[in-house]
Amino acid sequence: MYAIAVIVIAAIAYFLYRELYGKRKGLPPGPTPWPIVGNIFQLDFNRPEKSLIQWGKQYGPVFTIWMPLPFVIVNDYELMKESFLKQGDIFVGRPKTFLLNDIAKGNYGLVFARDELWREQRRFALHTLRDFGVGRNMLEPKILDQARELISILHSTKGPTQLKPALAFAVGNVINVMVVGYAWKFGDQKMEEFRTTLEEFGMAATKPTIFLLELYPWIRFLEPPFNIGYKRLKEINDHFRSFFIEEIRKHKETLDENQPPRDYTDAYLIEMNKRIKAGNQGSFTERQLMFAMGDIWAAGMDTTVNTLRYAILYLLNYPKVLKKLHEEMDEMVGRERELSMNDQKILPYLCATIEEVQRLGSLGAIGLQRTVTEDVVVGGYRLPKETIVVPQLPSIHLDEKFFPDPYTFSPERHIDANGRFVKNEHILAFSIGKRACMGESLARMELFLFLGSLVQHCDFRPADGKTPPPFKVITGIIQCPAPYECVIIPRT
Ligand code: HEM
């Protein structure tokens with residue numbers, strides 16, 4: 001009996017030692033993790049970027065949090081450049097996770113792809129998106145088509161209105177035209193269903209219990225009675241994927257390989273067939289295509305829509321900025337002529353406003369996880385191959401060294417003494433290094449043309465005429481403004 005008690009006490013002591021100290025040896029310091037759950041319940045899941053800034057002040061430019069897997073957080077601009085940029089080839093991995101394996105049967109697609117598959121597929125995607133006009137003038141008329149529709153939808157609204165459905169329609173159509181070749185009509189049932197599925201996925205994937213699954217996959221069997229969120233996540237994922245399976249089927253039926261590709265899906269199928277014929281299929285498969293389509297959608301939709309929603313939320317709260325934008329637009333472009341990307345040169349205040357919205361509206365409250373592809377030293381700590389590292393972008397955007405009074409919204413900080421817009425190297429909204437956003441030039445075009453058109457043709461007022469909506473956020477895969485309404489007044 002006595003011997004059993006000694007063994008149990010020793011086992012508990014060893015377990016606690018390992019959980020609280022042993023497993024942390026060699027990694028950068030950080031908040032003490034609780035046994036089993038790590039720091040999950042110490043992190044403020046509503047405002048994770050604030051917890052991480054606070055821990056950065058306590059533990060320095062690089063620290064570890066346990067989610068419950070260890071995430072090494074790089075929280076300092078110079079260190080981020082030193083590692084993610086200067087040693088770019090090492091900081092390009094993505095973690096292999098239980099969830100990816102379970103849901104996708106591996107690291108497919110573009111966002112979570114890794115190793116040779118990622119290199120081959122990123123190269124192809126960038127090349128193909130360029131062929132469809134991304135980063136070139138060819139895309140401008142397609143975005144302007146959607147901007148015209150967007151303005152006409154907003155002009156037809158009466159009374160307090162949510163901007164989200166109309167913005168999602170415009171941004172979603174730009175992606176849909178590129179990926180599957182057609183645009184939806186506003187209010188289309190299929191589009192609504194698709195949009196809400198995507199949004200729900202973003203929320204479901206970041207429940208604390210979903211993080212726990214990574215280390216304790218067996219907890220999924222506790223549902224029901226416990227609400228782990230695993231079943232729902234799988235259902236949403238299957239629903240989301242079914243859309244792409246159907247599109248691939250339709251494209252295969254109508255594909256004419258002798259004609260130029262109609263869209264990304266055609267281009268991919270043509271490349272895949274060419275490679276199969278040459279006996280060199282590599283990573284080109286229908287499964288990979290399905291995940292790549294989903295990733296272009298998932299990465300390009302909520303990011304752009306919510307940046308625009310943040311922008312209008314700020315303008316409602318800072319009416320003087322909105323007034324200055326209107327004045328600049330009226331003076332330099334007027335209300336008749338259609339905007340173009342060339343107008344960036346003559347609309348410095350609009351460019352500065354977009355820059356400031358991207359700085360303050362922290363979409364990625366916790367940066368996307370990377371892994372290191374070999375052993376490497378970060379901030380004096382040797383990290384073994386496959387360690388998860390996170391470039392914590394909001395910590396740079398809110399660093400008072402670079403942005404005095406960092407929580408104040410001030411486009412003026414991006415305008416020089418001669419009234420010109422100055423880009424700030426410390427704004428890393430599209431991230432840093434070789435895994436930085438693949439859609440940056442598309443997103444920049446959309447932000448300029450959509451926000452510019454909104455300013456040109458609309459005035460925005462608080463729903464009750466005087467109280468602007470509060471800065472409440474909802475945090476999922478991305479952090480976005482809570483639903484808010486405003487009144488849209490046409491500027492004719
Ligand atoms: C305002 C809009 C956008 C913002 C703020 C944004 C931001 C980001 C960020 C922070 C990352 C993570 C990079 C990392 O691992 O550190 C990323 C990755 C990515 N983005 Fe965007 N993005 C936007 C729009 C788009 C659009 C329109 C597309 C569509 C083509 C897109 C496609 C991607 C893809 C495919 C990746 C994964 C790249 C890789 O892992 O190699 N994004 N984006």
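Strand E2 (residues 70-74) and strand E7 (residues 388-391) pair in the parallel sense over four bridges, where two strands count as paired if DSSP finds at least two bridges between them. Helices and strands are DSSP runs numbered from the N terminus, a helix being H or I with at least four residues and a strand being E with at least two. The model is a predicted one, in which local features need pLDDT of at least 70 and side-chain atom pairs count only at pLDDT 80 or more, whereas totals for chains, interfaces and linings use all residues. Residue numbers run from 1 along each chain as its sequence is written.

Within this pairing, Ile-73 has Val-390 of E7 as its bridge partner. Helix H3 (residues 77-85) packs on the sheet and touches E1, E2 and E7, with its direction making about 115° with that of E2; contact here requires that the C-beta atoms of two residues, placed from the backbone, lie within 7 Å. Axes are lines fitted to C-alpha atoms, for helices over the stretch in contact, and angles run from 0 to 180 degrees between N-to-C directions. The open sheet as a whole has four strands in the order E1-E2-E7-E4, with mixed pairing. Strand E1 (62-66) and strand E4 (370-371) stand at the edges with a single partner strand each, so one side of each has no neighbour in the sheet.

A second open sheet is built from three strands in the order E3-E11-E8, and its pairing is antiparallel. Its edges are strand E3 (161-162) and strand E8 (458-462), each of which has a single partner strand, so that one side of each is left without a neighbour in the sheet. E3 pairs with strand E11 (residues 485-490) in the antiparallel sense over two bridges, and Thr-161 stands opposite Cys-486 in E11.

Turning to the helices, two packed helices are described by the angle between their axes and the distance between the axes.

| Helix pair | Angle between axes | Distance between axes |
|---|---|---|
| H10 (residues 230-254) and H12 (residues 286-317) | roughly 120° | within 9 Å |
| H13 (residues 319-332) and H14 (residues 348-360) | roughly 145° | within 9 Å |
| H10 and H11 (residues 264-277) | about 65° | 10 Å |

H10 and H12 are therefore oblique to each other, on a scale where angles under 35 degrees count as roughly parallel, over 145 as roughly antiparallel, 65 to 115 as roughly perpendicular and the rest as oblique. Their contact is made by Phe-240, Arg-241, Phe-244, Ile-245 and Ile-248 of H10 together with Glu-286, Leu-289, Met-290, Met-293 and Gly-294 of H12. These residues divide into seven nonpolar, one polar and two charged, with Ala, Val, Leu, Ile, Met, Phe, Trp, Tyr, Cys and Pro counted as nonpolar, Asp, Glu, Lys and Arg as charged, and the others, Gly among them, as polar.

For H10 and H11, the angle of about 65° makes H10 roughly perpendicular to H11. Here Glu-247, Ile-248, His-251 and Lys-252 in H10 meet Thr-265, Asp-266 and Leu-269 in H11, and by class this contact has two nonpolar, two polar and three charged residues.

What surrounds the ligand? The shell holds 26 residues, of which the closest are Ala-299, Gly-300, Ser-431, Cys-437 and Gly-439; a residue counts as near if its C-beta atom, placed from the backbone, lies within 6 Å of the molecule. H12 and helix H16 (440-457) are the elements that give two or more residues to this shell, and H12 gives the most, with seven residues. By class, the shell has 14 nonpolar, eight polar and four charged residues.

Some backbone positions also deserve a look, given that most residues other than glycine have a negative phi, and most peptide bonds are trans. The peptide bond from Met-67 to Pro-68 is cis, with omega near -15°, and Pro-68 lies in the loop between E1 and E2. Another cis peptide bond joins Pro-224 and Pro-225, with omega about 10°, and Pro-225 is found in the loop between helix H9 (208-213) and H10. Ile-36, although not a glycine, has a positive phi of about 70°, and this residue lies in the loop between helix H1 (2-20) and helix H2 (48-59).
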